[in-house]
Amino acid sequence: MNNTEKLILVTGASGFIALNVIQQLSKLPHRVRATVRNLKDEKKVEIVRRAAKGSKHPIEIVSADLLKPDSWNQACKEVDIVLHLASPFPAETPDDPENNLLKPAIEGTRNVLNAAHAANVSRVVLTSSCAAVYRFGVKNYVFSEKDWNDPDSSTPYVKSKILAEKFAWEFVEEKKNKQEKCFELAVINPCFVLGPSQGDSSSLGTSEKFISDFMLGKKDKANEYYIGHCDVRDVALAHIKAAFEPQAAGHRHIIETKWASNKEVFDILKKKYANQGYKFITEFEKAENPNNRSDTTRMTKVLGIKITDYEKTIIDMAESLIKSGSISIKKPDSCFIAKLKN
């Protein structure tokens, strides 16, 4: 990996993946500029600073909004590499998906890329998703970076990821066709991301809530479903490797540990924590295993990612949420216990 000092912009810095990216960048000699929407949100700003603890250079945190083009010109000033992670990932489809999902994802990508181009950034690493790769409903299939999901038959979130990534590729191609100098583009396509959280209970994202809901018994029943899973540390490292690896430019990179069901996650958690007072879901509606997987050659051979053990991913995530207080056991009231003893 190139150790020549660079200025790296990380967008959406308070997000689940971005915090892990910042933590790993803090061990390298590079300078990091991170964006948040609101600098007055002291909790989020502090979480970002904490992720960068121990870095050679103090992290620079600036305000930028996906839907405010001018905010990105200043954010990209003098930047060498942009890691564009900022994009909505809601647990449920919002009431207004056009304005709350599609516009921030697609227009946000346009605004960031325009600013990166104007600032003569050398490379952009875009966080897309396996949602832009997988075609749900197929069976016994090995997905690769050549596969594209169909936006017209997708949920608003999936559509937002497909169209944002397609826009990025078209942006670079258009500049090339005009013989304009343009940054190199590399894309990371993680599947459902699990692993240790760097945040706290005030900043839980969709992935963190997935685990906490299992252990806090938010629902009595759940429907089993299969999808690719991956470790956030592998995803973070993939972004950093893709920022410097020459062979990453011009390519997509699927990041996947394995296809698994949410029931498998539940079984790992229950085995570890069943007798510790947590309230678990009691019933799963079983689903058929589609027996799919992805070709992770680019992940392992080009980016050199050693896939994290799956069970470690799940347990490390749960432990991080317990440590932050995001998952806690309600202890009986002391007065109530005293009454029982009497």
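## Pockets, cavities and a helix pair

The second largest pocket has a lining of 13 residues, and those nearest its centre are Q23, R50, S197, Q198 and K323. A pocket here is an open set of points on a 1 Å grid over the protein atoms alone, with protein on both sides within 12 Å along at least five of seven lines, and lining residues have an atom within 4 Å of a point. This is a predicted model, in which local features need pLDDT of at least 70 and side-chain atom pairs count only at pLDDT 80 or more, while totals for chains, interfaces and linings use all residues. Residues are numbered from 1 along each chain as its sequence is written, and side-chain values use heavy atoms, with hydrogens and water left out.

Which helix gives the most to this pocket's lining? That is α10, with three residues; α2 (42-51) also supplies at least two. Helices are DSSP runs of H or I with at least four residues, strands are runs of E with at least two, and both are numbered from the N terminus.

A cavity is a set of grid points where a 1.4 Å probe fits but cannot get out. The whole structure holds two cavities of 30 Å³ or more. The table gives volumes, each being the space filled by probe spheres set on the points, which are joined across faces, edges and corners. It also sorts the lining residues: Ala, Val, Leu, Ile, Met, Phe, Trp, Tyr, Cys and Pro count as nonpolar, Asp, Glu, Lys and Arg as charged, and the others, Gly among them, as polar.

| Space | Volume | Lining residues by class |
|---|---|---|
| Second largest pocket | about 240 Å³ | one nonpolar, seven polar, five charged |
| Largest cavity | about 60 Å³ | five nonpolar, five polar, two charged |
| Second largest cavity | about 40 Å³ | five nonpolar, four polar, one charged |

In the largest cavity, α4 (97-118), β5 (123-127) and α5 (156-177) each supply at least two lining residues, and the largest share, three residues, comes from α5. Around the second largest cavity you can find residues including H30, R31 and H57.

Let us return to α10 (residues 310-323). Its axis and that of α8 (residues 262-273) come within 10 Å and cross at roughly 60 degrees; axes are lines fitted to C-alpha atoms over the stretch in contact, and angles run from 0 to 180 degrees between N-to-C directions. The two helices are therefore oblique to each other, a word for angles that are not under 35 degrees (roughly parallel), over 145 (roughly antiparallel) or 65 to 115 (roughly perpendicular).
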